[in-house]
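Here is a colleague's note on the model below. Please read it with the structure open.

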Amino acid sequence: MRGVATVTFIGTGASTPARGRWLPGILVGLRGEYILLDCGEGVQYRILSAGLRVNRLSAILITHMHGDHVYGLPGLLESLNRWGRAEKLTLVGPVDLEQLLDALKLRERLAYEVELVRARDCMRLQMGGYAIEAAAVEHGVEAYAYAIVEEPLPGTFDAERAEELGVPQGPLRSKLLRGEPVLLPGGRIVYPSDVVGPSRRGLKVTYSGDTVPCPRLVELARGSDVLIHEATFSLAQREGARLSFHSTAAGAAEDARRAGVGLLLLTHFSSRYSEEGVEGLLREARGVFRRAYAARDMMRVKLTRLREDWLLASFELLQGSGGLATSSTGTP
C-alpha cells in the first residue's frame, strides 16, 4: 500500500547477544515487498518466531562486514532455498561480501538467483516503487548507511469535483488516480489534473548501520520520515564510542536534529546496558531530539503518510517479545 510502511526490529543488540536482545536485523515492509537491513545470527529463526512472512523479500542490505551484521546471512539464504524461493533476490553490501559468498559456495547451491550489488557512496538503485540510496559512513572499515525512498504518492482525489463532472465511481476514477485521462459516455474527456491534487512525497526510511555521527549520514537522512540510528554507548562512554567508531545516543540524536527527520529510532545497544540502561540512553537522546524512541526486539512500527506534512507512527510488540503493547504518535 502506498504511503504505508512497517519497520520490524528482529534484533537490537550490538556485537554479542544479551538477554532479550538479539543481533542486528531490521525488516522494512513497503509496497508489498520487504527489505532486510543487516543480518545478524539467528535472523531466520527470529523471523519465524514472530510469524513474519518473507516470501516477498526483495533485497537484503548489509552495512559492513562485522560478524554481528552479516553472520546470519548464510543461514537465511539457505532457509529461503528450503522454503521454496524461486524469485531473484537483490543483495547489496561492501566489496568483501562477494568473497564471503564465494568461500561458502552459497550461490552454487541455491535454486534462486542472488543479484549481488556492490554498495558505493552516493549509489542509487531503483527498485519496484522505491529506490535504495547509500552513503559511506565512518566505522573504521568499509561501511554504508542506506535510505529507502518511496516514489511520490498520488495526489488527493476530489470526489465532489468528480461527481460534478459526471465521473461515476469505479474503474474510471481508478484510472484518473493512476494518471490516465478518461472518456465519459457523453464524449467529455476528464483529465487527472481536473480531479486529482498534486502528488505527495512518499516515505523515506534511513538506517545508519554502525558509525560515528558524520556529515554523509546527515545528508543521506535529510528529510527522512524515520532515521534508525545505532546508539551503542551513553555519554559516559563517549571516549569508547569514539575509539570504536560508534555513536552515543546523544550523537545519534544530533544527527537526527541536523537532518530534520520526523522520528528517531535508536537501536544497536551494547550488552552493558539493561532495559533500564536503555531508558537512560533514550533520556540522553531526548535531551537533544524529543521525537526519539528506543527500539526493542520484535517491536514493529507502522508508518502512515496522512498528509504531505503529517506522519502517523504506531508501535506494537509482536509475539515472542515478552508481551504485547500498542501506542501511536503523530509527527508534523
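**Notes on the model**

1. Start just after helix α11, where G260 takes a positive phi of about 65°. Helices here are DSSP runs of H or I with at least four residues, strands are runs of E with at least two, and both are numbered from the N terminus. This is a predicted model: local features need pLDDT of at least 70, side-chain atom pairs count only at pLDDT 80 or more, and totals for chains, interfaces and linings use all residues. Residues are numbered from 1 along each chain as its sequence is written, and side-chain values use heavy atoms, with hydrogens and water left out.

2. Helix α11 itself covers residues 249–259. Eight of its 11 residues are buried, so the helix is largely enclosed by the rest of the structure. Buried means under 20% relative accessible area, exposed means over 50%, and partly exposed lies in between (1.4 Å probe, protein chains only). The buried residues are A249, A250, G251, A252, A253, D255, A256 and A259. They pack against α9 (215–221), β13 (226–230), β14 (263–267) and α12 (275–286). Contact here means heavy atoms within 4.5 Å.

3. C122 has a positive phi of about 70° although it is not a glycine. C122 sits in the loop between β6 and β7 and counts as exposed, at 67% relative accessibility. H268 has a phi near 60°, again positive in a residue other than glycine. H268 is in the loop between β14 and α12. At 4% relative accessibility, H268 counts as buried.

4. How many salt bridges does a search of the whole structure find? The total is 20. The rule is a side-chain nitrogen of Lys or Arg within 4 Å of a carboxyl oxygen of Asp or Glu. One of them joins R216 and D121 (3.4 Å, N to O). R216 lies in helix α9 and D121 in the loop between β6 (114–118) and β7 (124–126), so the pair ties together parts that are 95 residues apart in sequence. R216 is partly exposed, with a relative accessible area of 45%. D121 is partly exposed too, at 33%.

5. D225 forms a salt bridge with R305, and their closest N and O atoms are 2.5 Å apart. The pair links distant parts of the chain: D225 is in the loop between α9 and β13, and R305 is in strand β16 (residues 299–307), 80 residues apart. Are these two residues buried or exposed? Both D225 and R305 are buried.

6. E239 counts as partly exposed, at 41% relative accessibility. Elsewhere, salt bridges that share partners join R31, E150 and E151 into one network.

7. The aromatic pairs number two. Rings of Phe, Tyr and Trp (its six-membered ring) pair if their centres lie within 6.5 Å; planes under 30 degrees apart count as stacked, over 60 as edge-to-face and the rest as tilted. W22 and Y45 have ring centres 5.7 Å apart and planes at 25°, so that pair is stacked. W22 lies in the loop between β1 (4–11) and β2 (25–30), and Y45 in helix α1 (residues 43–49), so the pair ties together parts that are 23 residues apart in sequence. W22 is partly exposed, at 31% relative accessibility.

8. Y293 and F315 have ring centres 4.9 Å apart and planes at 35°, so this pair is tilted. Y293 lies in strand β15 (residues 292–294) and F315 in strand β17 (residues 310–317), so the pair ties together parts that are 22 residues apart in sequence. Y293 is partly exposed, with a relative accessible area of 22%. F315 is buried, at 9%.

9. The charged end of R85 sits over the ring of Y112, 5.7 Å from its centre. The rule is NZ of Lys or CZ of Arg within 6 Å of the ring centre and within 35 degrees of the ring normal.
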